[in-house]
Amino acid sequence: MVAATPEPSAAGRAGSTRAGAGAIVAHGLVKHYGEVRALDGIDLDVPEGTVMALLGPNGAGKTTAVRIFTTLLEPDSGHATVAGLDVVHDADAVRRTIGMSGQNAAVDEYLTGRENLDMIGNLYHLGKAASRARADELLERFDLVDAANRVVKTYSGGMRRRLDLAGSLVANPRVLFLDEPTTGLDPRSRLGMWDVIEELVGGGTTLLLTTQYLEEADRLADAIVVIDHGKVIARGTSDELKSQIGGERLELTVSSASELAATVDILRKVGVGEPTTEEKAHSAGVAVEGGSAVLIEALRQLDAAGVVVQDVGIRRPTLDDVFLALTGHAAEEAGEAAAAKKRGRRGDKGESS
Amino acid sequence: MSVLTQAAADGMVVARRNLIKVKRVPDLLIFTTIQPVMFVLLFAYVFGGAIHPKGVNYREFLMAGIFTQTVAFGSAITAIGLADDLQKGIIDRFRSLPMARSAVLVGRTTSDLVNNLIVMVVMSLCGLLVGWRIHRSVGYALLGYIVIFAFAFAMSWVSATIGLSVSSVEVAQSAGFIWLFPVSFLSNAFVPTSQLTRFLRPIADWNPMSSVVASARELFGNKGTEKLSTAWSMHHPVVTALGWSLLLLLIFIPLSVRKYRAAATR
């Protein structure tokens with residue numbers, strides 16, 4: 001699966017595509033569903049062979065963006081290209097280039113795993129023999145050989161997801177879109193899915209995935225774009241995003257709550273700003289500059305003061321902190337609110353394009 | 001491969017997929033057959049005594065009506081099947097593939113036609129049991145069935161448009177059926193249109209369903225009461241029936257394909 005650059009003719013047709021441009025590019029994508037602005041001017045650029053995570057709560061516009069890239073929806077304004085091909089004007093060529101796995105595993109329950117893959121191969125016009133061979137190859141790769149001749153109705157959630165992902169890979173796509181690939185999976189299946197995806201992108205496929213799980217974006221993506229209410233609110237690598245909301249914190253736990261007062265005094269001296277404490281957990285923390293040198297200095301002073309330190313570390317902010325800082329609300333909360341809104345507008349969503 | 005053969009090939013892949021489901025979940029087919037069998041028994045033995053078209057053997061009269069009603073109601077399955085695929089995201093998967101835009105609909109209407117073929121075999125046997133007979137040559141009888149299946153296929157495309165327009169499988173289940181009641185009862189299927197009130201009579205005479213029923217009666221050699229009507233459609237039922245089916249196809253094939261292009265998972 002070697003990543004190839006788009007053919008010049010295709011790139012030429014797409015107009016705005018520059019040489020060396022990304023495998024997935026969007027400029028000012030806007031999409032309305034009735035009153036709701038699902039996408040409010042999104043710009044994206046995913047370089048060939050890299051993984052981008054579109055991170056945001058439910059209803060942020062992630063799925064809408066994927067639906068535009070995969071030719072399922074046309075944007076109200078703005079434009080997008082995949083492998084240099086315009087998603088509106090070259091939709092058929094785009095479909096030959098991409099693989100997509102949607103939010104719910106779109107596999108046929110009454111077909112066997114093999115029949116599902118074989119059908120997709122036929123619809124890609126691979127030819128009978130090649131289609132069957134490809135199905136066998138994918139069943140092997142996704143550890144579904146034993147279940148290959150069972151109807152999908154009998155599959156677990158994780159197996160269905162793997163089969164759905166296998167389905168998106170039937171035609172060896174150069175560009176892959178995965179919409180919330182692990183939503184609804186148990187933790188073990190999620191880890192398995194991550195391994196599969198990592199192996200896949202190791203082969204050079206360009207991947208855009210959406211997720212509500214900060215951890216997932218952190219682990220799988222080269223670059224992260226955070227969206228909320230249809231707008232990009234931050235972008236960068238996971239490390240860049242974390243450093244956007246400030247530096248490191250020194251956090252420690254002492255053996256009893258009575259030692260907290262002395263601890264806070266020392267933290268105030270070594271850190272910047274006011275230390276925070278949690279009485280119940282006997283823990284305290286403070287923002288610091290200088291990393292491990294500060295850590296050593298703090299420990300020296302605490303030792304001198306006779307405080308018993310049980311746990312200590314320099315902690316960098318997590319993506320959860322980033323999300324909270326960027327949106328002013330936690331990811332989960334936002335999800336609930338957006339989900340409620342989504343339910344409210346379901347009625348007028350039917351005829352959306 | 002040309003565009004057309006490609007579309008046909010893709011359609012057959014989808015049709016095969018749908019038929020595998022019929023094979024693996026035969027309940028659906030069984031229940032769609034039970035309903036018309038029930039109608040045959042109810043009309044032949046319960047209402048039949050009360051409905052007395054003059055000079056007509058009611059059970060012979062009834063079967064063409066039941067056949068046509070059966071395929072009309074059978075078309076609702078198209079709406080349910082498509083709404084189900086839409087709800088499960090399978091239409092999204094199909095729409096992201098480089099396959100013909102009409103293939104999912106061609107496949108669905110084709111597999112539903114096969115469904116109807118199976119149901120019609122059962123219904124014909126059921127008719128023979130209650131005393132219905134074909135009195136004309138094999139050629140005419142065959143043409144009779146062709147008129148019925150052309151209508152079935154056309155109705156399937158109407159149903160496809162409904163299935164892609166409603167918001168869920170549950171809605172498809174009632175929206176796909178409900179309009180078929182007036183269509184099938186405001187016709188000559190169960191009572192002669194001459195027994196209807198004056199203002200309903202022209203509606204029933206020109207109902208596409210009536211022309212299919214009248215064609216079947218004529219071609220099977222079952223005595224009907226159509227000739228009592230003054231409407232042109234009742235004197236030229238075969239042309240009228242095939243004309244209606246063609247018109248429905250011309251309207252609903254492009255309409256449903258347009259719906260499909262814009263279909264979104266709900």
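Domain bounds are taken here from an automatic or database domain assignment, and on that basis chain A is divided into domain 1 (8-243) and domain 2 (248-315). The C-alpha centres of domain 1 of chain A and domain 2 of chain A lie 45 Å apart. The structure is a predicted model, in which local features need pLDDT of at least 70 and side-chain atom pairs count only at pLDDT 80 or more, whereas totals for chains, interfaces and linings use all residues. Residues are numbered from 1 along each chain as its sequence is written, chains are lettered from A and ligands numbered from 1 in the order in which they are written, and side-chain values use heavy atoms, with hydrogens and water left out.

Chain A contains 13 helices and 14 strands, these being DSSP runs (H or I, at least four residues, for helices; E, at least two, for strands) numbered from the N terminus. Of its 353 residues, 50% count as buried, where buried means under 20% relative accessible area, exposed over 50% and partly exposed in between (1.4 Å probe, protein chains only). With contact defined as heavy atoms within 4.5 Å, 68% of the contacts in chain A between residues at least 6 apart in sequence join residues at least 24 apart.

A:Ala105 is situated in the loop between β6 (98-101) and α4 (113-123) of chain A, and counts as partly exposed because its relative accessibility is 23%. Apart from neighbours within four places in sequence, A:Ala105 is in contact with A:Arg160, A:Arg161 and A:Asp164, and also with B:Lys88.

A search of the whole structure finds five cavities of 30 Å³ or more; on a 1 Å grid over the protein atoms alone, a cavity is a set of points where a 1.4 Å probe fits but cannot get out, a pocket is an open set with protein on both sides within 12 Å along at least five of seven lines, and lining residues have an atom within 4 Å of a point. The largest cavity holds about 70 Å³ of space, and its lining includes A:Ala106, A:Val107 and A:Asp108 as well as B:Ile90, B:Arg93 and B:Phe94. The largest share of this lining, four residues, comes from α4(A).

The second largest pocket has a volume of about 660 Å³, a volume being the space filled by probe spheres set on grid points joined across faces, edges and corners. The second largest pocket is lined by 34 residues, among which B:Leu28, B:Thr32, B:Ile77, B:Ile80 and B:Gly81 lie nearest its centre.
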